[in-house]
Amino acid sequence: MSETAAIPDARARAAERKAPRGKSFADHALVQLTIVRFRETLREPEALFWIFAFPILLAAGLGIAFRNRPAEVLKIATVTPALTQSLEREKLLAVEQLVPHAAEEALRTGKVALLVLAGSNGSVVYRYDDTNPEGRTARMLADRAVQQTAGRVDPVSTNEVLMREPGSRYIDFLIPGLLGMNLMGSAIWGMGFTVVDARRKKLLKRLIATPMPKPYFLLSYVFSRILMLVAEVGIVLGFGAWIFHVPVRGSLLDLALVCLLGSLAFSALGLLLASRAKTIEAASGLMNAVMLPMWIASGVFFSAQRFPDVVQPLIKALPLTAAIDALRANMLQGASLVQLAPQMAVLGAWLLVCFVLALRLFRWR
Amino acid sequence: MRDPAPRAALRVTGLRKAYQDVVAVNGLDLEVCAGECFGLLGPNGAGKTTTVEICEGLTAPDSGEVELLGMHWNSDAKQLRQRLGIQLQDTQLSEKLTVFETLRLFRSFFEQGPGAAEAIALVQLEEKKNSRVGNLSGGQKQRLALACALVGDPDFLFLDEPTTGLDPQARRQLWELIEQFKSSGRTILLTTHYMDEAQRLCERVAIMDNGKQIALGSPGELIASTCAEHMVAFSAGANAPALDVPALRRIEGVRDVRSENGTVEMQVTELHLAVPALLAELARQCIPLTELSTHSATLEDVFVALTGRHLRDD
């Protein structure tokens, strides 16, 4: 045993303590924390998939599903040769002549959008489902053909100019929505899961047992988030521009600022959601409960305007609505930052409130 | 001016901490001298970890004083953190990072101390320098945790159950490392429920039970003051007649006899006299022996003598 070993006087050890040496930039605590955060994210293949591959796959899938196609030919059915003949004038209709019960069956099962029958006294009967847009369109086209066959002459001559330019298609609407959704998802998951996991593993407790300045820990998350943000936004926008020619009409700097503020607001929300939870299950339940309403209501896939007017103020106050509205206004309408002030104010408010609350509630253990 | 290294590196007085339904620490006084390795011993739930975490400034006590390296948590936390090395019970370090990256991170929090590579050498993990933490064995993880506690070149080292859950070989390896650091003048406070660990590493130990200190001294002193030098244990066959315990107590050199689960334990001062006498007495009582063993008394025996319970009831 070491009772016999000479124990150097602790005073001598204390005297040995030199003034702190200058450390290289890379060995600064904040830099190390940020690098470590960044490394941990990059080494998590699942996280990388959700952040980078998922939005691209989603955009590609939806872009293909909703691509602009030449107007579709609608299928309709008749039971008399005379009607068939007159309806065939219309190029956008595919007319099928059937026996009566087969025609009824075809309409009922949706194989045809419209059934045209001869009524009494030379009138024509249209049978269709008026809640089905295809049915309504088919009826208009069929009626035009029937009337023109009967000798109607349109009093006004018309000309058509077709518009299929980038900026007004569904994919143009979708890409900013996906970008907003991605900003929210990666910030909240990135923040929430890692903080809760570190708390569960008592790593947070271990860190505060060192001289690490506590704000550095949170700042490192912010900095690594910003680094990831550049890649995330770049990939989604680049993909949209390259494959679908989705435009960015506003200033890129403004767009970057919107993304930055949005990501910070969502990170603060993620931090708030993760401030107490001790298990991943509890945290993910909380995060999904917060994100799900926004996925639905904030206009990722369809316009938030479709919801009733009563709830519009509520929807507009959601951070994801603000982020997506701002992104769309910048990218599609070329709106300036000044015009985006209301959305930026909403995001700023979320950032402030969530961050202050999170700091108050945050548990290191 | 504060003396940077007072004789008592840690002084705890009247410490009390209660959680909702249990009193974890109930009026504890401790004094750890500079340069010694002090062991805090006790069964699970004795209040060791709570005590250590209060000393580490991670938990606030309900009442009581902690003076550490002449400083106090409420006024000198920042300086204190720089001078402490802390190993917590079951911290899981980030599995995605390598050993080197982990230590470089921890090193960045401290103003001075060995570099990451140096710390890796201290705990003999050179081969695993670039391995992910997730791929380390239990013993290697504990050595990494120890290295994380050492990167700040601490004056005071807290080790909370450093070898719990390790296999015997890994434990011995860790003990050797801790012994090396002891000789460099650091003060160590170690908690453990392994008596052999305390006996091997600690100059002095305090035995805790139910939030209180029930014994204090060097392992040798504690053994000498509470039990005899040797322990004799035997068990009789299942069909043996009832044992006449008072007769055993009367044997010369026997200090105490305890019977538990069919095993009889006796504290004995002079083994060479007591064992033949015991055998003769058992023969007289017509009791067949199925097992007989002797060992030098340990801190475990001290704990049993003091509380009537074994340290590890698992």
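Reader: What pLDDT does chain A average?

Author: This is a predicted model, in which local features need pLDDT of at least 70 and side-chain atom pairs count only at pLDDT 80 or more, whereas totals for chains, interfaces and linings use all residues. Residues are numbered from 1 along each chain as its sequence is written, and chains are lettered from A and ligands numbered from 1 in the order in which they are written. With pLDDT being the predictor's confidence in each residue, from 0 to 100, 91% of the residues of chain A score at least 70, and the chain A average is 86.

Reader: How many contacts does the stretch of residues 1-11 of chain A have in the model, beyond near neighbours in sequence?

Author: The pLDDT over this stretch is below 50. Counting two residues as in contact if their C-beta atoms, placed from the backbone, lie within 7 Å, the number for residues 1-11 of chain A, beyond near neighbours in sequence, is 18.

Reader: Are α3(A) and α7(A) roughly parallel or roughly antiparallel to each other?

Author: Helices (H or I, at least four residues) and strands (E, at least two) are DSSP runs, numbered from the N terminus, and axes are lines fitted to C-alpha atoms, for helices over the stretch in contact, with angles that run from 0 to 180 degrees between N-to-C directions. Helix α3 (residues 45-65) and helix α7 (residues 170-200) of chain A pack with their axes 10 Å apart, at an angle of about 160°. Angles under 35 degrees count as roughly parallel, over 145 as roughly antiparallel, 65 to 115 as roughly perpendicular and the rest as oblique. The pair α3(A) and α7(A) is therefore roughly antiparallel.

Reader: How many nonpolar, polar and charged residues does the contact of α3(A) with α7(A) have?

Author: Residues of α3(A) including Trp50(A), Leu58(A) and Gly63(A) meet residues of α7(A), among them Ile171(A), Asn182(A) and Ser186(A). Ala, Val, Leu, Ile, Met, Phe, Trp, Tyr, Cys and Pro count as nonpolar, Asp, Glu, Lys and Arg as charged, and the others, Gly among them, as polar. On that division the contact of α3(A) with α7(A) has 10 nonpolar, 4 polar and no charged residues.

Reader: Why are α7(A) and α13(A) described as oblique to each other?

Author: The axes of α7(A) and helix α13 (residues 319-333) of chain A come within 9 Å. They cross at roughly 140°, and α7(A) and α13(A) are therefore oblique.

Reader: Which residue in the hairpin of β8(B) and β9(B) takes a positive phi?

Author: β8(B) and strand β9 (residues 212-217) of chain B pair in the antiparallel sense over 5 bridges. Their hairpin has 2 residues between the strands, and the residue with a positive phi near 50° is Asn210(B).

Definitions and conventions. Pairing = 2+ DSSP bridges.
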